[in-house]
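Please read the following note beside the sequence and the model. The points are numbered so that each can be checked in turn.

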Amino acid sequence: MQTLAQNLTSQAVDASLSQLILTLADTSKAISQAVRHGALAGVLGATEQENVQGETQKKLDIITNEMLKDALKADGTVRGLASEEEDHVVEVSETGQYLVCFDPLDGSSNIDINSLVGTIFSVLPAPTGELSEASFLQQGRAQLAAGYVLYGPSTMLALTTGRGVQMFTLNPETNEYLLTQDAVSISKDTAEFAINMSNQRFWEAPMQTYIADLLLGKIGPREKSFNMRWIAAMVGDVHRVLSRGGLFTYPADNKDPNKPFKLRLMYEANPMALLVEQAGGKASTGYENILDIQPEQIHQRVAVILGSANEVDACLSYHGLDYSQEPDPELG
Ligand code: F6P
Ligand code: MN
């Protein structure tokens with residue numbers, strides 16, 4: 001089995017990008033250890049602090065953010081970084097060629113229940129000139145690499161450098177990532193979807209109708225039964241989609257009018273959208289391809305619909321319909 005380093009060489013990935021990816025992978029090994037030790041290391045639980053998005057930070061959010069920041073500062077290839085746990089972008093080195101956006105520990109509400117969590121990252125080219133937030137505001141298509149590490153029963157790295165998607169599994173004996181799946185491909189069709197159903201009454205009409213039709217199963221317009229899965233960590237749900245197909249969505253909702261979307265564009269939606277597209281799937285907001293969005297802020301949020309191409313298309317077809325009329329009283 002190829003190691004990650006061997007695989008990057010065989011793909012002819014640029015030497016400095018390979019170095020950065022290896023730094024991210026090495027840091028994820030240390031994060032995996034911290035996550036695995038859990039309560040034994042005293043790393044579980046919340047802190048008194050909130051991040052810029054008003055979410056209470058878990059101890060592990062802060063620990064993993066520091067681990068990644070320290071590693072990226074020492075790497076030498078990084079010009080600047082943006083993290084879910086940093087209010088502002090951080091300048092790293094004047095000579096670095098890359099910008100790195102990351103969610104150090106996605107799904108942190110899963111930490112305390114010993115369930116799936118992960119690290120998501122996105123690598124962009126660093127523009128010349130002074131570094132500012134504007135330097136990061138590049139479309140998802142500009143990503144040079146994207147991936148995640150899933151801290152599950154085994155620790156796995158999913159990676160794209162624009163040459164398809166590869167999955168690596170961390171060998172606990174040698175502490176090395178080994179290639180366990182090349183050319184990951186998402187099935188075009190699926191009968192599985194993932195959504196937080198508790199928000200149902202807050203969704204927009206197209207999503208209400210689409211999910212209602214999935215739930216009708218064989219007796220509905222889709223004429224087939226669908227199963228539902230929800231891990232509550234995007235990294236886990238997207239991993240399932242890459243592994244066996246499916247549709248994952250965190251749609252717009254009006255639960256809090258000041259926060260219509262949940263997932264962050266720069267370090268959640270964009271890297272996952274690139275992985276999904278590179279594996280033959282699709283990723284959209286319902287109205288626009290995620291990778292085509294022109295970002296306006298580093299912490300901006302977007303609606304996400306991604307996964308098996310035909311199922312994403314089915315969901316998008318509802319968004320093209322006219323929902324302006326009153327609901328049909330016979331449909332309740
Ligand atoms: O990072 C945000 C996140 O933790 C995602 O990983 C996950 O999909 C979502 O929030 C779950 O949020 P909720 O439990 O509010 O639906
Ligand atoms: Mn997250």
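**Notes on the model**

1. Lys58 and Asp112 form a salt bridge, with their closest N and O atoms 3.1 Å apart; the term means a side-chain nitrogen of Lys or Arg within 4 Å of a carboxyl oxygen of Asp or Glu. Because Lys58 belongs to strand 2 (residues 56-58) and Asp112 to the loop between strand 5 and strand 6, the pair ties together parts that are 54 residues apart in sequence. Strands (E, at least two residues) and helices (H or I, at least four) are DSSP runs numbered from the N terminus. By this rule the count comes to 14 salt bridges.

2. This is a predicted model, in which local features need pLDDT of at least 70 and side-chain atom pairs count only at pLDDT 80 or more, while totals for chains, interfaces and linings use all residues. Residues are numbered from 1 along each chain as its sequence is written, chains are lettered from A and ligands numbered from 1 in the order in which they are written, and side-chain values use heavy atoms, with hydrogens and water left out.

3. The chain is divided into domain 1 (4-181) and domain 2 (192-324), bounds that come from an automatic or database domain assignment. The C-alpha centres of the two domains lie 23 Å apart, and 46 residues of domain 1 are in contact with 33 residues of domain 2, contact meaning heavy atoms within 4.5 Å.

4. Between them, domain 1 and domain 2 bury about 3000 Å², 60% of it on carbon and sulfur atoms; buried area is the accessible area (1.4 Å probe) that two parts lose on being put together, summed over both. Leu137, Arg141 and Tyr148 supply 20% of the area that domain 1 buries against domain 2, more than any other three residues.

5. Across the interface of domain 1 and domain 2 the rule finds three salt bridges. Glu84 forms a salt bridge with Arg264, the closest N and O atoms being 3.3 Å apart.

6. In the record, UniProt places the feature "binding site" (unreviewed entry) at Asp103, Asp106 and Glu268. These residues span 166 residues in sequence, yet no two of their C-alpha atoms are more than 8.5 Å apart, so they gather at one spot. The positions are given in the numbering used here, feature names are shortened, and annotations may be inferred rather than shown by experiment. Asp103 is found in strand 5.
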